[in-house]
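The sequence and structure are shown first, and the account then begins with a single residue.

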Amino acid sequence: MCRHEKGLVECTKGLADAGVVDEVQVEQWGKYAPIDPADASTESERKASERLAEYREWARDADVELHAFSRTAVLTRGGDPVTMQVLPLVALASYDADGELLWVVPHGQGSAAVSVTERLDELEALASEDRVLVAD
């Protein structure tokens, strides 16, 4: 089971090795990302900000809430206040072969929530299922 942050990368790579996912890409972001990509001061911040906008759009379409992504802070940059999103320690997103965002965790819907470890446990269960190959 994937229960420790340091083991999450190895866990996801193990899912790729088991054929449950095609590819694993790890992105490390800072503690904050600007809500508006135009306020980014680095390429990493811009990319994180654009990803977050994509996650928010997915959440609206999926009718879920991204509680872990809801905190903001106002930081001063060059004397000007910039509203930044406080990033969760860990998040997980899945894309299909065409690059379409399928899901993001952690997320919640009503009183139910899906954590990163819960989603990884679900994926690990797929890796441990017996697979049957049927050939015509």
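This is a predicted model: local features need pLDDT of at least 70, side-chain atom pairs count only at pLDDT 80 or more; totals for chains, interfaces and linings use all residues.

When neighbours within four places in sequence are left aside, Thr-12 is in contact with Val-21, Val-24, Leu-92 and Leu-120.

## Overall architecture

The protein chain contains three helices and seven strands. Along the sequence, these elements follow the pattern α-β-α-β-β-β-β-β-β-α.

Of the 136 residues in the protein chain, 29% are buried. The chain exposes about 9,100 Å², and carbon and sulfur atoms supply 49% of that area. Among contacts between residues at least 6 apart in sequence, 51% join residues at least 24 apart.

## The three-stranded sheet

Three strands form an open sheet in the order E1-E3-E2, and their pairing is antiparallel. Strand E1 (32-34) and strand E2 (72-77) stand at the edges; each has a single partner strand, so one side of each lacks a neighbour in the sheet. From one strand to the next, the twist averages 50°.

Strand E3 (residues 80-86) is joined to E1 by three bridges, and these two strands run antiparallel. Ala-33 has Gln-85 in E3 as its bridge partner. Helix H2, formed by residues 43-62, lies across E1, E2 and E3 and runs at about 80° to E1.

Strand E4 (residues 92-95) and E5 are joined by four bridges and run antiparallel. Two bridge partners can be named across this pair: Val-104 in E5 is the partner of Ala-93, and Trp-103 in E5 is the partner of Ser-94. The hairpin has five residues between the strands, and Gly-99 takes a positive phi near 85° in this hairpin.

Which residues lie on the covered face of E4, and which on the uncovered one? Leu-92 and Ser-94 make up the covered face, whereas Ala-93 and Tyr-95 make up the uncovered face. Leu-92, on the covered face, is also one of the contacts of Thr-12. Strand E5 (residues 101-105) has four of its five residues buried, so this strand is largely enclosed by the rest of the structure.

## The largest nonpolar core

The largest nonpolar core has 23 residues, of which Tyr-55, Trp-58, Leu-66, Val-104 and Leu-120 touch the most other members. Helices H1 and H2, strand E5 and helix H3 (116-128) each supply at least two residues of this core. The largest share, five residues, comes from H2; this helix also lies across the three strands E1, E2 and E3.

What does Val-104 touch, not counting residues up to four places away in sequence? Its partners are Tyr-55, Trp-58, Leu-66, Phe-69, Leu-92 and Ala-93. Among them, Ala-93 is also the bridge partner of Val-104, and Tyr-55, Trp-58 and Leu-66 are listed with Val-104 among the core residues that touch the most other members. Leu-120, another residue in that list, is in contact with Thr-12.

Key:
Residues are numbered from 1 along each chain as its sequence is written. Side-chain values use heavy atoms; hydrogens and water are left out. Contact means heavy atoms within 4.5 Å. Buried means under 20% relative accessible area, exposed over 50%, partly exposed in between (1.4 Å probe, protein chains only). Accessible areas come from the Shrake-Rupley method with a 1.4 Å probe; for residues, only the protein chains shown count as cover. Two strands pair if DSSP finds at least two bridges between them. Axes are lines fitted to C-alpha atoms, for helices over the stretch in contact, and angles run from 0 to 180 degrees between N-to-C directions. A nonpolar core is a set of buried Ala, Val, Leu, Ile, Met, Phe, Trp, Tyr and Cys residues joined through side-chain atoms within 4.5 Å.
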